[in-house]
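Subject: The structure, and what I found in it

Hi,

Here is the structure I promised to pass on. Have it open while you read, and my notes follow below.

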Amino acid sequence: PATDGEQMAIRHVIQGQLEAFQKDDGATAFGFSSPGLRERFHNPDRFMKMVRESYRPVYRPSQIIFGKLDSIDDSTRVQHLLVVGPDGNTHEALYVMEREKNGKWLIAGCLLRDSDLTAT
């Protein structure tokens, strides 16, 4: 299971990226991405274009609720978030987190799916 320190560190990384999205700060948002994700998108502009087009609920959320944190292996966690998008629809965002060799957690991906849960 994830430790309290891991949970706090992971939450800090995700919140940092969400705050960067709110400011349209692509360089900072991209900096929270794992090396594999950075290699896939090559630069902050391409990354932000993808987020704006395909991940609008996390790009401009009206509400975020952190849920459980699953441990996959020693260096991989999945953080569940309930996200209310700008359109008022509820989604579940599953953030795949990777621990780098230096111990820092970075975002390796995000799966966004519709949810029938209600944010309170």
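In which strand does His-80 lie? His-80 belongs to strand S2. Before going further, please keep in mind that this is a predicted model.

Let me stay with that histidine for a moment. His-80 has a relative accessibility of 12%, so it counts as buried, the cut-off being under 20%. Its side chain makes a polar contact of 2.7 Å with the side chain of Asp-70. Leaving aside neighbours within four places in sequence, His-80 touches Ile-65, Phe-66, Gly-67, Lys-68 and Asp-70, and also Glu-92, Ala-93 and Leu-94.

Now the overall picture. The chain has five helices and four strands, and along the sequence the pattern reads α-α-α-α-α-β-β-β-β. A compact globule of 120 residues would have a radius of gyration near 14 Å, and the chain agrees, at 14 Å. Along the principal axes, the C-alpha atoms fill a box of roughly 40 × 35 × 20 Å. As for burial, 43% of the 120 residues count as buried. If you take the contacts between residues at least 6 apart in sequence, 45% of them join residues at least 24 apart.

On to the sheet. The four strands make an open sheet in the order S1-S2-S3-S4, with antiparallel pairing. Strand S1 (63–73) and strand S4 (105–114) are the edge strands, each pairing on one side only. From one strand to the next, the twist averages 20 degrees. As a reminder, strands of a sheet pair through backbone hydrogen bonds, either parallel or antiparallel.

- S2 and S3 pair in the antiparallel sense, over nine bridges. Val-78 sits opposite Val-96 of S3.
- Strand S3 (residues 90–99) is joined to S4 by nine bridges, and this pair runs antiparallel. Met-97 has Ile-107 in S4 as its bridge partner, while Glu-98 is partnered by Leu-106 in S4.
- S3 is mostly covered, with seven of its ten residues buried.

The turns between these strands are worth a look too. Five residues separate the strands in the hairpin of S2 and S3, where Gly-88 takes a positive phi near 90 degrees. The hairpin of S3 and S4 has five residues between its strands as well, and there Gly-103 takes a positive phi near 95 degrees.

What lies across the sheet? Helix H1 (residues 4–22) lies across S1, strand S2 (76–84), S3 and S4, and runs at about 70 degrees to S4. H1 has 19 residues and reaches 27 Å from its first C-alpha to its last, close to the 27 Å expected at 1.5 Å a residue. Its buried residues are Glu-6, Ile-10, Val-13, Ile-14, Gly-16, Gln-17, Leu-18, Ala-20 and Phe-21.

Is Gln-17 buried or exposed? Gln-17 has a relative accessible area of 3%, so it is buried, given the cut-off of under 20%. Which residues does Gln-17 contact, leaving aside its neighbours within four places in sequence? They are Ala-29, Phe-32, Ser-33, Phe-47, Tyr-95 and Ile-107.

Finally, two loop residues to check in your viewer. Asp-24 lies in the loop between H1 and helix H2 (26–31). Its phi is near 55 degrees, a positive value in a residue other than glycine. With a relative accessible area of 42%, Asp-24 is partly exposed.

His-42 is the other one, placed in the loop between helix H3 (35–41) and helix H4 (44–54). Phi of His-42 is near 70 degrees, again positive in a residue other than glycine. At 55% relative accessibility, His-42 counts as exposed, whereas His-80 counts as buried.

That's what I have for now. Happy to go through any of it with you.

Cheers

Terms used:
Residues are numbered from 1 along each chain as its sequence is written. This is a predicted model: local features need pLDDT of at least 70, side-chain atom pairs count only at pLDDT 80 or more; totals for chains, interfaces and linings use all residues. Side-chain values use heavy atoms; hydrogens and water are left out. Two strands pair if DSSP finds at least two bridges between them. Axes are lines fitted to C-alpha atoms, for helices over the stretch in contact, and angles run from 0 to 180 degrees between N-to-C directions. Contact means heavy atoms within 4.5 Å. Buried means under 20% relative accessible area, exposed over 50%, partly exposed in between (1.4 Å probe, protein chains only). The expected span of a helix is 1.5 Å times one less than its number of residues. A polar contact is a pair of N or O atoms within 3.5 Å; within protein, one must be able to donate a hydrogen and the other to accept it, and residues adjacent in sequence count only if both atoms are side-chain atoms. The radius of gyration is taken over C-alpha atoms; the globule rule is 2.2 Å times the number of residues to the power 0.38.
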